[in-house]
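Here are my notes on this model. Please read them alongside the coordinates.

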Amino acid sequence: MAAPVVANGPGKEENRGGGGGSSIGRPTNPMVTPLLTDLYQFTMAYAYWKAGKHNERAVFDLYFRKNPFGGEYTVFAGLDECIKLIANFKFTEDEIAFIQASLPPSCEIGFYNYLRGIDCSDVEIHAISEGFVVFPKIPLMRVEGPVAVVQLLETPLLNLVNYASLVATNAARHRFVAGKSKLLLEFGLRRAQGPDGGIGASKYCYMGGFDATSNVAAGQLFGIPLRGTHSHAFVSSFMSPDEIVEKSLNSFDGSSVCKDFVSSVQSWLSKLKLLGGIFGETNQSEIAAFVSYALAFPQNFLALVDTYDVMRSGIPNFCAVALALNDLGYKAVGIRLDSGDLAYLSCETRKFFQGIEKEFKIAGFGKTSITASNDLNEETLDALNKQGHEVDAFGIGTHLVTCYAQPALGGVFKLVEINKQPRIKLSEDVSKVSIPCKKRSYRLYGKEGYPLVDIMTGENEPPPKVGERILCRHPFNESKRAYVVPQRVEELMKCFWPGQSGKVREELQPIKLIRERCINQLDLMRPDHMRRLNPTPYKVSVSAKLYDFIHFLWLNEAPVGELE
């Protein structure tokens with residue numbers, strides 16, 4: 001539901017000046033300030049001010065040119081943090097002093113007085129909703145306002161959108177390969193690029209379809225479910241069950257007490273040996289660690305079983321503890337595999353669990369959860385699927401949070417209009433030619449419910465209508481065109497920061513709702529656009545009128561050469 005906004009302004013609190021009475025909070029990272037930008041934004045701002053152009057009304061588009069990871073879709077993320085930056089954009093005296101020290105001494109003092117007075121109260125932001133599936137060339141954000149102010153926003157907006165969208169897309173791709181039924185856990189904090197990379201990765205992996213994170217700080221900040229048990233160090237820190245001093249454990253319902261849980265576990269281990277199989281004497285330090293962990297967390301017992309030998313020690317030791325817990329009314333959560341042949345080990349483990357269920361008549365034991373980790377990525381998930389496996393949950397870290405397969409999205413921020421005059425950026429590389437003027441974007445859906453094409457129109461063109469035959473043209477390739485009769489039309493951009501326009505502001509949504517939107521969006525896409533190998537490109541087009549205008553402006557702006 002939309003709500004009025006209290007725009008920031010010069011009269012707000014000095015410490016950060018912006019937010020005042022607004023319902024929008026501050027950026028998650030306190031480093032996101034007006035100084036989080038490139039020096040040339042300030043040199044351009046000064047040059048605009050010196051030329052008397054700083055208040056000219058400009059329109060910039062934020063978009064990207066190519067989908068990441070060799071795919072054909074991207075998940076838009078980072079909008080929430082962008083709007084928080086806008087709402088709190090105000091220079092402090094310390095920041096102005098630093099800018100003054102960083103610019104040449106020839107810069108006039110009046111410029112710094114100008115900086116003291118600026119905020120984003122006259123900036124207008126239209127954007128696609130966070131969590132939407134998006135495509136190249138379509139503006140993710142349209143930023144309109146005084147040219148010097150909007151220029152200062154370029155770098156921080158790109159910084160907040162590029163990585164967020166990249167890692168959310170990476171998460172969505174991992175979810176697509178793993179399948180909807182699998183639990184996906186983000187375990188990347190220790191390998192992330194610093195604290196901000198770790199926090200951002202946890203937030204946007206959850207948005208992109210992961211179920212939980214190991215990152216406690218992200219859990220506190222964003223309400224993301226937390227998961228985690230123990231490491232190999234915990235297992236190897238024990239020597240033998242003799243170390244366990246407190247051996248008693250209350251039953252789940254509190255009606256009884258097992259005074260020697262260790263003996264109960266050893267008894268079950270002896271019974272398991274009678275079943276036959278490949279194990280004899282299991283590692284006693286491992287069983288001591290498992291027992292200690294079960295005594296600490298009887299309702300949440302999940303064991304890492306590959307410290308010594310998975311099938312000869314880890315699995316039988318886990319099962320003995322799980323069966324002893326079962327006697328007291330508890331249900332063990334499962335095991336984690338962190339090395340070895342994950343497909344083979346998961347299948348052998350499942351057979352072992354099923355054999356116990358059958359032999360001891362313990363309902364559900366055969367379905368005990370199996371989690372796998374160990375440097376997983378899209379390719380290994382795909383390989384596991386092809387081999388056949390019994391893994392229920394995947395813990396994924398390094399390749400996910402670092403976006404190892406592609407380190408950057410490559411978003412850009414281009415001027416498309418100033419003082420109501422459309423502008424175009426030309427290049428010998430056609431993919432780098434910008435699409436001029438203030439635009440509106442629509443998604444056209446076919447009769448099967450799938451999106452068919454995104455189309456950009458001039459701002460004042462009539463919108464596409466359901467059932468109407470619409471000519472969709474490639475922006476730069478004359479021969480690529482198609483007629484579409486949409487069964488549903490969805491306008492993509494909404495007003496998230498109205499400035500002085502009087503428009504109603506779209507409310508920022510909590511991360512759980514954005515996550516649901518993202519999942520729903522991905523479900524809407526045609527499967528051939530989503531596949532890992534050779535996905536079908538999604539069509540992005542312009543209206544016939546906008547196509548003609550692009551090429552008219554192109555010819556007008558391109559210099560005419562001479563041949564001698």
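1. Buried means under 20% relative accessible area, exposed over 50%, and partly exposed in between (1.4 Å probe, protein chains only). By that cut-off, 55% of the 564 residues of the protein are buried.

2. This is a predicted model: local features need pLDDT of at least 70, side-chain atom pairs count only at pLDDT 80 or more, and totals for chains, interfaces and linings use all residues. Residues are numbered from 1 along each chain as its sequence is written, and side-chain values use heavy atoms, with hydrogens and water left out.

3. The protein has 17 helices and 22 strands. These are DSSP runs, numbered from the N terminus (helices H or I, at least four residues; strands E, at least two). The C-alpha trace spans about 90 × 55 × 50 Å along its principal axes.

4. The largest nonpolar core holds 160 residues. Such a core is a set of buried Ala, Val, Leu, Ile, Met, Phe, Trp, Tyr and Cys residues joined through side-chain atoms within 4.5 Å. Leu115, Met141, Phe261, Phe301, Phe318 and Phe394 touch the most other members. Helix H5 (residues 147-178) gives the largest share, 18 residues. A second, separate core of 7 residues includes Tyr442 and Val484.

5. Take Phe394. Beyond its neighbours within four places in sequence, its contacts (heavy atoms within 4.5 Å) include Ala178, Leu183, Leu376 and His389.

6. Now H10 and H11. Among the residues that meet are Phe290 and Ala294 in H10, and Phe318 and Val321 in H11. The crossing is right-handed, that is, the near helix is turned clockwise from the far one by less than a right angle (left-handed if anticlockwise).
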